[in-house]
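This report describes a model made of protein chains. Please examine the sequence and the structure before reading on.

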Amino acid sequence: MSAVSTPVRGVARPPRAGRTWRARAGVAVPHLILIAYVVVACGPIALIVMNAFKSRQAIFEEPFAFPTPSTLDLGGFETVFTRARFELYFLNSFIVTVSTVVLVLLLGSMAAFALAEYRFAGITVVSLYMAVGIMIPIRLGTVGILDLMVRLNLVNSLAGLVLVYTAMGLPLAVFVLTAFFKQVPGDLKDAARIDGASEYRVYALALPLVRPGLAAIGVYTMLPIWNDLWFPLILTPGEGVRTVTLGTQLFLGQFVSDWNAVLAVLTLAALPMLALFIIFSRQFVRGLTSGAIK
Amino acid sequence: MTRPRTSAPPKGLDVEDTTASGRPPATRPAARPRRRFRTHLVVFIAPAAAIYTIFMVYPLLDSLRLSLYAPVDGVQTFVGLDNFVHLLSDDLLSDAFWNAVWNNLVFFAVHFFVQNPIGLLLAALLAAPTLRGRSAYRTLLFIPTTLSVVIVGFIWQLIISPVWGFVETPLLGQSSTALVTLALMSVWQYIGIPMILFYAVLISIPDELIEAATVDGAGAWSTFWRVKFPLILPTVGIVSVITYVANMNAFDLIYTVKGALAGPDFASDIMGTLFFRTFFGFQLQQGSSTMGATVATMMFLLILAGVLAYFYGWQRRIQSYQL
C-alpha cells in the first residue's frame, strides 16, 4: 500500500490541518454510508424481532423500545404453537432441506467428478445439457411437474419435493463442482490408481479436496429451498407435510390482525436461517466470490 | 488426463463383457484399440442426469407440449397454436397478459436502476483495502437476502402499514404505488447479490493495476471510473440477466403481500401470479392446465428473449478483460 500513497505525498503536501481533516473524513465517510445501509438492511428485521416479545400496547406505543420486564409478553409465541403445528413444519422443512442438500452434493459431485476427470465422446453435450438448467427456471415446468407427481402418487409427500428440488439444484452444483474438481492435482489421483485404487476410490479421495466448493453449493442450495413458497404451495399443501415457509404464509393469512402472533411467527421463521447464515457466511461469500465467478 | 482411459478398473471388465451394445474390441478401428465401455462413467453421471431429466427437463418439455393442446370433450387434443391465439386475442385474457408483461418489465426496471448503483456503491466501499470490520459489514448487509420472501413481504407490510403509523399513505393499497413499492421490497432483499458479485470483481483486480494508475497521476475518483468501472461492466450484465430471469418468474412476494389476485385491480399482477391464476383458477375463472402451460411458455419465450438480448446486445459490445 505504501507504493500507492508515496507519489501522492511527494507531489503536493497539503497543509497539516487540512490533511488530517481529509484523512479523517476519508476513513469516516465509508463507515457512515455502510452503517446507514446496515440500518436499512437490518433495522426492519430487528424491529420485528424486538416487538415480537412485547405486549400489544407497547408494540404500537413505543415500537423502537427494547422489551422491558413491564412490556414483555410472549403471548404471540403461545398463539403460534397452540394454533399451528410449527414444530412439525420445522421438522418437514428440515427433512426436505437436508435430504436435498445431501442428494445434490452427492450426485452433483459424482457427475462433476466424471465430467472433470474423464474424456469421452459426448462430454460436451452432457456438460451443456446439465448447464442449460442453470438459466431456465424450473417453475416454468410446474404444469408438467404437478402432472408427473400425480401420476407417481407423490403429491403431498416430502419425497416429491426433495426430487424436484434436487433436480433444481443439480445443474449449478455440477457446473461449479466440475471447476473445482479440475483443480485437484492429477498426480494424487494417478498415485492412487497405480496403487490399484478403483475409480470410485479415486473419487472418494478427491472429494475432501473440493470441500470449499461443496460448502458453497450446500449453502447456496439450502437457502432457496428452505425459503421456497411456490412448490410447497402446489405440491405439498397438506397439513402434515407443510413446510415452515408455507406454514408461515398460511398462518399470517389467518392471523393477520393479531400483531403479536404475526411478529412471533416472523421471528420464529427467520431465526434458523439467520443463525445458519451467520455461522456459514464465510463459506457462502467465498463460494460466491471464487467458485461461481472465477 | 489420458491415464483413466488405459486403466479401466478390474470391475469394469466383467460388466463390459455382458453389455450387448459394446462390440468386441477387435472390430474397432485400430487407432483406438483399448476403447472400453467404462461402467464407472455411467455410475457417476447417470443418477444426476436421471433425476435432472425426469424432474426438470421432462416436465419442462411436457409443459411446452401441453401449450399446444386443449381439452375437447375431456380429452387433451392437439390444437396447434390456438391457445396462444386465444391468449393474445381474447379481450379479457390479452388485457391481463399485456398488463402482467408490462408490470413485470416495470418490476425489472426498478431492480435494474436501484440495485446496480447501490450494490456498486456498497461493493466499492467494502473492497477498499483499508476498511476495518469488512466481514462484519458483509455479513450484515447480506442478511436480508437469506430471508424467505414471505418474511420479507410481511416485515415490510407491517412496517409501512398505516396502522403502525410510520408511513401515512397506504403505499400497497394504491394502484399507482403498489407495484413500485413491492419492487423496492424485493430490491431491499436481493441487493446482497449484486453487492457480492461486484465485490468479487473489485477484490480480484490486481494491486499493480491500481498502483500503475496512481503512479500515472490518477486520483481515487478517476481510478475508479477509468480502471475499475470498465472491469465491473461485464458483471453488471451478468447481474442484470440473473435479475431479469428471477423477476420474470417472481411470484412469492406478490402472492404473500397481495394474494393471487395481485391487487389493487391487478396493479401488481406479474407473469408468475398470472400463471398461477390461469393454472389453478380463481373466483369465477376455471383453472386450466393447458392455458397455464401456454402462459408458462410465454414466460419461457420472454426469458429467452431477455437472455439472447443480453448475449447479443450487451456481452458482445462490452469488452471483457482477463485479469
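Two residues are said to be in contact if their C-beta atoms, placed from the backbone, lie within 7 Å. With that cut-off, residues 24 or more positions apart account for 67% of the contacts in chain B that have a separation of 6 or more. The model is predicted.

## Overall form of chain A

Chain A contains 14 helices and zero strands. Read from the N terminus, its elements run α-α-α-α-α-α-α-α-α-α-α-α-α-α. Chain A is more spread out than a compact globule, because its radius of gyration is 26 Å, well over the 19 Å that the globule rule gives for 294 residues. Along the principal axes, the C-alpha atoms of chain A fill a box of roughly 75 × 70 × 35 Å.

How many of the 294 residues of chain A count as buried, as a percentage? The figure is 43%. Among the contacts in chain A with a separation of 6 or more, 77% are accounted for by residues 24 or more positions apart.

## Overall form of chain B

The secondary structure of chain B consists of 14 helices and four strands. Chain B has 323 residues, of which 37% count as buried.

## Domains within each chain

The domain assignment divides chain A into domain 1, covering 14–73, and domain 2, covering 78–291. The centres of domain 1 and domain 2 of chain A, taken over C-alpha atoms, are separated by 34 Å. Their contact takes eight residues from domain 1 of chain A and seven residues from domain 2 of chain A. On the side of domain 1 of chain A that touches domain 2 of chain A, helix H2 (16–52) and helix H3 (56–61) of chain A each supply at least two residues. H2(A) gives the most to that side, with five residues. By class, the residues of this side of domain 1 of chain A are five nonpolar, one polar and two charged.

For chain B, the domain assignment gives domain 1 (3–67) and domain 2 (85–315). Here, four residues of domain 1 of chain B are in contact with six residues of domain 2 of chain B. The side of domain 1 of chain B that touches domain 2 of chain B has two nonpolar residues, two polar residues and no charged residues.

## Where the two chains meet

Contacts between the chains involve 78 residues of chain A and 71 residues of chain B. Which helix of chain A provides the largest share of the side that touches chain B? That helix is H14 (residues 259–291) of chain A, with twelve residues. The side of chain A that touches chain B is made up of 57 nonpolar, 13 polar and eight charged residues.

## The largest nonpolar core

The largest nonpolar core has 163 residues. Those with the most contacts inside this core are Ala111(A), Val164(A), Ala167(A), Val174(A), Val265(A), Leu266(A) and Met299(B). Helix H8 (residues 158–182) of chain A gives the most to the core, with 17 residues.

Ala111(A) may be considered in detail. Leaving aside its neighbours within four places in sequence, Ala111(A) is in contact with Met130(A) and Val174(A), and also with Phe44(B), Ile45(B), Ala48(B) and Ala49(B).

## Annotated regions

In UniProt, an unreviewed entry lists "transmembrane region" for residues 32–53, 88–108, 120–138, 158–181, 202–223 and 259–280 of chain A. Residues 88–108 of chain A are 100% helix and 0% strand, with end C-alpha atoms 29 Å apart. Residues 120–138 of chain A are 68% helix and 0% strand, and their end C-alpha atoms are likewise 29 Å apart. The UniProt annotation "domain: ABC transmembrane type-1", also from an unreviewed entry, covers residues 90–280 of chain A. This span is 78% helix and 0% strand, and its end C-alpha atoms lie 20 Å apart.

For chain B, the UniProt annotation "transmembrane region" (unreviewed entry) covers residues 41–61, 105–128, 140–167, 187–206, 227–246 and 291–313. Residues 140–167 of chain B are 64% helix and 0% strand, and their end C-alpha atoms lie 25 Å apart. Residues 187–206 of chain B are 85% helix and 0% strand, with end C-alpha atoms 31 Å apart.

Conventions. Residues are numbered from 1 along each chain as its sequence is written. Chains are lettered from A and ligands numbered from 1 in the order in which they are written. This is a predicted model: local features need pLDDT of at least 70, side-chain atom pairs count only at pLDDT 80 or more; totals for chains, interfaces and linings use all residues. UniProt positions are given in the numbering used here, feature names are shortened, and annotations may be inferred rather than shown by experiment. Ala, Val, Leu, Ile, Met, Phe, Trp, Tyr, Cys and Pro count as nonpolar, Asp, Glu, Lys and Arg as charged, and the others, Gly among them, as polar. A nonpolar core is a set of buried Ala, Val, Leu, Ile, Met, Phe, Trp, Tyr and Cys residues joined through C-beta atoms within 7 Å. A residue is buried if 20 or more other C-beta atoms lie within 10 Å of its own, exposed if 12 or fewer, and partly exposed in between; C-beta atoms are placed from the backbone. Domain bounds come from an automatic or database domain assignment. The radius of gyration is taken over C-alpha atoms; the globule rule is 2.2 Å times the number of residues to the power 0.38.
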